[in-house]
Amino acid sequence: MSIVASGSAAIARAAGRASRAMGRGGGTSVPGVVLLRINPRAVDTLAARLGGGSILVSATNGKTTTTRMLGGALRADGAEVITNGAGANLLSGIASTLADARLGRPETARGLFECDEAALPEVMARLTPRALVLMNLFRDQLDRHGELEAISERWQAMLLAPGALPRLVLAADDPAIAALGDGRDCLWFGLDDPAVAAGALPHAADSTRCRACNAPLTYDHVWFGHLGDWRCRGCGSSRPHLDVAVIDAGLRGATGSDPRIRTPDGEVTLHLTVPGLHNVLNAAAALAGALAMGVRADVAAAAISQVPAAFGRAEHLVVDGTDLVLLLAKNPAGANENVRTLLLDPGEHHLLVALNDRIADGRDVSWIWDVDWEPLLPRVTSVTVTGERAHDLALRFRYGGLDPDRLHVIPDHRAALASAIAAVPPGGCLEVLPTYTAMHDIRADLVARGAASEFWDEG
């Protein structure tokens, strides 16, 4: 690394330390903002030090968890991994990670970066990764991203740009992602367990038309959202053959799952501590990504099984003697999967649901009407709603039929958290479903209480 690049990185690191010391947000992205202002090509220069190459992970849902799992697999293979584990996934966050990296073995070090959907094309051009994992596209932050077709088109243009393509690791279950692999050599992953199929497409499903001819798609099995074993009767296109296939999801409620996965290296079984079918698919994506980077399936499976939940993603904590689980719910697909996961466990539920409408959440919160809360409500003892749009949530739950005596509207998140914890009986668990910035608000309060650590300390 040049003296100029080294000096720029040192200044950037100092900016990040100052931001955290002042208790301000952005401690994981401020260094990158400063670095890119000083040296706009810093990412290119710093990434060139990674002799083992880089792998990128992008999706609407699941990229933080998948990146965390994939990092475990790469480390188990002996790699020194440079990763944005705190989830700062814009170019500035990746620049921060590279600036902060202390490489013990530059010749074999590997970069592993989760990447925001909109930022992916520029990050791709800067890093020229060895592999690219694309998992799903759902409606999310429409005021920032536009409809998911706009993201899909930008990704297609990215893959048509001059230069060598990375090894593509694609979700066969998502028609929008599968279309990106047409005519390309890909490693395909997905679900192949009819026992966990949903009855039909949800009313808010997104990609339901063929990308080739625009005819309606039909599904032999629907997993969640628009993901499933799909085909088109119009032009004959269908879900690609799975190279990495979950043949038994092995769901065991809120405690996790034990999926069996078929791979080109043979069958492996994982033992996940994060619950839900969506996390089974995240694990399959991580396993496929590891294979693309040359890691043996058995080595990757054992490592992925040891990876704890990422902050806010099925993260279990204890607050004043009460169990608490944080389940990030930032769009209809993710929230519906959280509801489905909660329904796997018998008994009553105590919920704290938090809704903000900041830039990182999306200003439009109408998506809460596409979440199927109704199957869970008969088993809910108390629901506390909080955040900047708490009254919108209250209206949604009232229209869903929730008894007003079980609904508590407390816009201040600190007061809401205290009240919701107090409502949980001994031995119970508070299930917290926040949007992105609301999750950070609540975690900050949990850090102040000593129940959680700062997210930048967990990566």
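Where does threonine 218 lie? Threonine 218 sits in strand E7, which covers residues 217–224; helices (H or I, at least four residues) and strands (E, at least two) are DSSP runs, numbered from the N terminus. The model is a predicted one, in which local features need pLDDT of at least 70, side-chain atom pairs count only at pLDDT 80 or more, and totals for chains, interfaces and linings use all residues. Residues are numbered from 1 along each chain as its sequence is written, and side-chain values use heavy atoms, with hydrogens and water left out.

Setting aside neighbours within four places in sequence, threonine 218 is in contact (heavy atoms within 4.5 Å) with Asp229, Trp230, Arg231 and Arg233. Threonine 255 is another matter: 37 residues separate threonine 218 and threonine 255 in sequence, and their C-alpha atoms are 33 Å apart in space.

Now to helix H4, residues 63–76. Of its 14 residues, 11 are buried, so H4 is largely enclosed by the rest of the structure. Buried here means under 20% relative accessible area, with exposed over 50% and partly exposed in between (1.4 Å probe, protein chains only). The buried set is made up of Lys63, Thr64, Thr65, Thr66, Thr67, Met69, Leu70, Gly71, Gly72, Ala73 and Leu74. Their cover includes strands E1 (54–58), E2 (81–83), E3 (110–115) and E12 (313–319), along with helices H10 and H11 (297–305). As for length, 14 residues at 1.5 Å a residue should span 20 Å, and the end C-alpha atoms of H4 are 20 Å apart, which agrees; the expected span is 1.5 Å times one less than the number of residues. Just after H4, glycine 78 takes a positive phi of about 95°.

One of the elements covering H4 is strand E3, and leucine 112 is found in that strand. At 0% relative accessibility, leucine 112 counts as buried. Beyond its neighbours within four places in sequence, leucine 112 touches Ile55, Val57, Thr67, Leu70, Gly71, Leu74, Val81, Ile82, Thr83 and Asn84. Between leucine 112 and arginine 130, 18 residues apart along the chain, the C-alpha separation is 10 Å.

Next come the helix pairs. Two packed helices are described by the angle between their axes and the distance between the axes. Axes are lines fitted to C-alpha atoms, for helices over the stretch in contact, and angles run from 0 to 180 degrees between N-to-C directions. H4 packs on H10 (residues 277–292) at about 40°, with the axes 8 Å apart. H4 and H10 are therefore oblique to each other, given that angles under 35 degrees count as roughly parallel, over 145 as roughly antiparallel, 65 to 115 as roughly perpendicular and the rest as oblique. On the H4 side the contact is made by Thr65, Thr66, Met69, Leu70 and Ala73, and on the H10 side by Asn279, Asn282, Ala283, Ala285, Ala286, Gly289 and Ala290. Sorted by class, this contact of H4 with H10 has 7 nonpolar, 5 polar and no charged residues; Ala, Val, Leu, Ile, Met, Phe, Trp, Tyr, Cys and Pro count as nonpolar, Asp, Glu, Lys and Arg as charged, and the others, Gly among them, as polar.

H10 also packs against H11, at an angle of about 140° and with 9 Å between the axes. That makes H10 oblique to H11. Here Ala283, Ala286, Leu287, Ala290 and Leu291 of H10 meet Ala297, Ala300, Ala301 and Ile304 of H11. The contact of H10 with H11 has 9 nonpolar residues, with no polar and no charged ones.

Further along, H14 (residues 413–422) and H15 (residues 436–448) pack at about 65°, their axes 10 Å apart. That makes H14 roughly perpendicular to H15. His413, Arg414 and Leu417 in H14 meet Asp441, Ile442, Asp445 and Leu446 in H15. The residues in the contact of H14 with H15 split into 3 nonpolar, 1 polar and 3 charged.

Alanine 314, at about 60°, lies in strand E12 and counts as buried at 4% relative accessibility. Aspartate 320, at about 50°, is found in the loop between E12 and strand E13 (322–327), where aspartate 320 is exposed, with a relative accessible area of 65%.
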